[in-house]
Amino acid sequence: MNNKDIVSKAIFDVVKEDLSFEQVQQLLENPKSADHGDVAFPAFALAKVYRKAPQQIAAELAEKIDGSSFEKIEVVGPYLNFFMNKAVITQNVLASVVKEKNHFGDSSEGNNANVPIDMSSPNIAKPISMGHLRSTVIGNSIGFILEKVGYNPIRINHLGDWGTQFGKLIVAYKKWGSEEAVRNEPINELLRLYVDFHEKAEEDKSLEDEARAWFKKLEDGDEEATALWQWFRDESMKEFNKIYDMLEVSFDSLNGEAFYNDKMVEVVEMLEEKHLLKEDQGAEIVDLSNYDLNPALIRKSDGATLYITRDMAAAIYRKRTYNFGKSLYVVGNEQSYHFKQLKAVLKEMGFDWADDMYHIPFGLITKDGKKLSTRKGKIVLLEEVLNEAIDSAKAQISEKNPTLENKEEVAKQVGVGAVVFHDLKNDRLNNFDFTLEEVVRFEGETGPYVQYAHARAMSLLAKADFTPDESHEYALNDDESWEVIKLIQRYPETIKQAADKYEPSVIAKHSIKLAQAFNKYYANTKILAEDEQKEARLALVYAVTVLLKEDLRLLGLHAPDKM
Ligand code: ARG
């Protein structure tokens with residue numbers, strides 16, 4: 001039980017006749033300063049019922065309430081300020097963590113429902129961008145968080161491996177490409193060909209027609225086109241996998257857009273059957289004016305399907321395959337309109353489950369205030385960013401802890417962790433400007449800071465040779481430990497909030513606060529002093545290690561024991 005529940009219960013026992021437990025709970029406030037206790041109850045809510053001054057009600061309640069969980073209950077004007085009994089609370093909280101370990105905060109709210117998470121989804125033949133990194137790490141973390149509250153996440157990499165750009169690429173490769181160059185440096189070479197194509201197509205419009213024709217061939221299963229497409233895809237995948245390996249992200253499905261090529265006929269047929277398709281200058285559209293949206297373009301005049309057509313097929317396929325409880329799309333904010341249209345078309349088709357589809361948008365990463373764009377070749381290469389971060393971690397570790405055994409491995413965990421944490425620590429909708437120095441910074445509110453706090457706590461436990469004992473009662477009543485205890489106690493709510501809002505930053509912020517509170521505790525308290533509270537202090541340190549490690553795991557980071 002958290003403090004609010006404990007207070008609610010105590011008040012409710014006295015006002016049962018007049019307020020429900022939930023009503024009491026909703027009235028409770030968090031006092032701004034610790035001088036006003038841990039939880040406050042404004043008594044004016046009862047003034048009407050009791051027909052008395054709130055001050056008097058507060059005083060009378062204070063008399064009647066069972067005080068065993070509280071150090072004191074203070075009446076300040078119309079307010080009742082509750083000061084929790086630190087020893088009792090500490091004992092409960094630490095007992096829970098010792099017993100449940102990393103499962104502290106778990107729940108079964110999700111009832112094991114399947115939740116496909118559409119994430120990462122880079123485009124073949126293009127570098128995986130910082131935007132795709134965001135999708136990858138946010139999606140991965142949401143997967144862990146949902147799993148913790150009882151869902152079954154299914155990570156799907158909806159690769160951008162289909163579309164007219166493959167026509168362009170085939171034309172460019174056949175005209176100006178070399179096999180060797182693609183083998184040596186697939187993404188760079190394919191990107192060069194793509195950029196070249198756009199430059200040359202500005203002068204020679206017939207190139208666009210050629211590209212369209214090649215994409216049509218690809219859609220129809222032409223052998224040469226398919227072989228080239230497959231080869232581009234394989235080579236690109238090898239590059240993407242380097243990044244996924246570094247991030248240690250894996251997928252349950254790599255069904256990209258191409259997978260739905262043969263599944264769109266059915267979609268178009270369904271639309272026809274329901275008389276939803278309209279002709280518009282040779283193209284086929286679905287009217288969405290009922291939803292205040294522009295019409296969705298389903299098929300172009302040359303018969304080619306579009307991004308949205310493939311997403312419709314994918315949504316239907318996911319419903320059939322996974323019978324999802326909800327279906328998430330972790331995709332940049334700039335695609336919001338697309339997902340509104342997607343849901344609307346499916347609703348028009350009578351698929352009520354479209355209400356269970358959620359676009360989980362995130363903000364843009366800019367460079368010097370401008371949007372990063374692949375077409376102009378102006379991109380930040382993710383692999384370079386990660387390697388740079390690892391080097392920087394290596395340098396700092398060599399300085400701080402030159403004798404560390406598995407330096408390479410720890411440097412990787414810290415460097416990659418810094419990049420991932422940097423991405424997750426702010427509300428996902430915030431935009432941020434990318435600077436390498438900022439991303440690999442290890443001080444302040446960063447992943448390495450949290451990892452350091454964890455390692456410091458671990459070494460303290462090792463020094464004391466401490467193992468927690470379930471039958472032991474660990475009670476503390478000092479103000480220093482109380483700040484840490486409150487953050488531990490709040491953990492289950494924190495997890496729930498992160499899951500409800502699909503917001504990894506809630507976890508990242510909790511980890512920073514806990515690391516900061518622990519570092520303060522460590523600086524101000526003689527944890528290893530030989531007195532009767534030593535075991536309890538160590539149990540607190542133990543709980544900190546469990547939660548920091550779990551926070552980091554939920555974000556997709558390691559928590560090295562030593563750094
Ligand atoms: N490949 C797309 C892009 O890079 C993202 C795909 C997102 N997922 C989806 N189901 N539409 O913009």
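Predicted model: local features only at pLDDT ≥ 70, side-chain atom pairs only at ≥ 80, totals over all residues.
## Domain layout

The domain assignment divides the chain into domain 1 (3–84), domain 2 (119–371) and domain 3 (382–555). The centres of domain 2 and domain 3, taken over C-alpha atoms, lie 37 Å apart. To their contact, domain 2 contributes 35 residues and domain 3 contributes 29 residues.

## Buried area

The size of an interface is often expressed as the accessible area lost when the parts come together. Between domain 2 and domain 3, about 2,900 Å² is buried, and 67% of this area is on carbon and sulfur atoms. On the domain 2 side, I145, K148 and M246 account for 22% of the area buried against domain 3, more than any other three residues.

## Polar and charged pairs

The interface of domain 2 and domain 3 holds 2 salt bridges. K148, one of the three residues named above for buried area, forms a salt bridge with E550, in which the closest N and O atoms are 2.9 Å apart.

## The domain 2 side

Four elements each supply at least two residues of the side of domain 2 that touches domain 3: α6 (130–148), α11 (223–247), β10 (357–360) and β11 (365–367). The largest share, 11 residues, comes from α6.

By class, this side of domain 2 comprises 20 nonpolar, 6 polar and 9 charged residues.

Notes:
Residues numbered from 1 in each chain as written. Heavy atoms only, no water. Domains from an automatic or database assignment. Contact = heavy atoms within 4.5 Å. Buried area = accessible area lost by both parts, 1.4 Å probe. Salt bridge = Lys/Arg side-chain N within 4 Å of Asp/Glu carboxyl O. Nonpolar A, V, L, I, M, F, W, Y, C, P; charged D, E, K, R; others polar.
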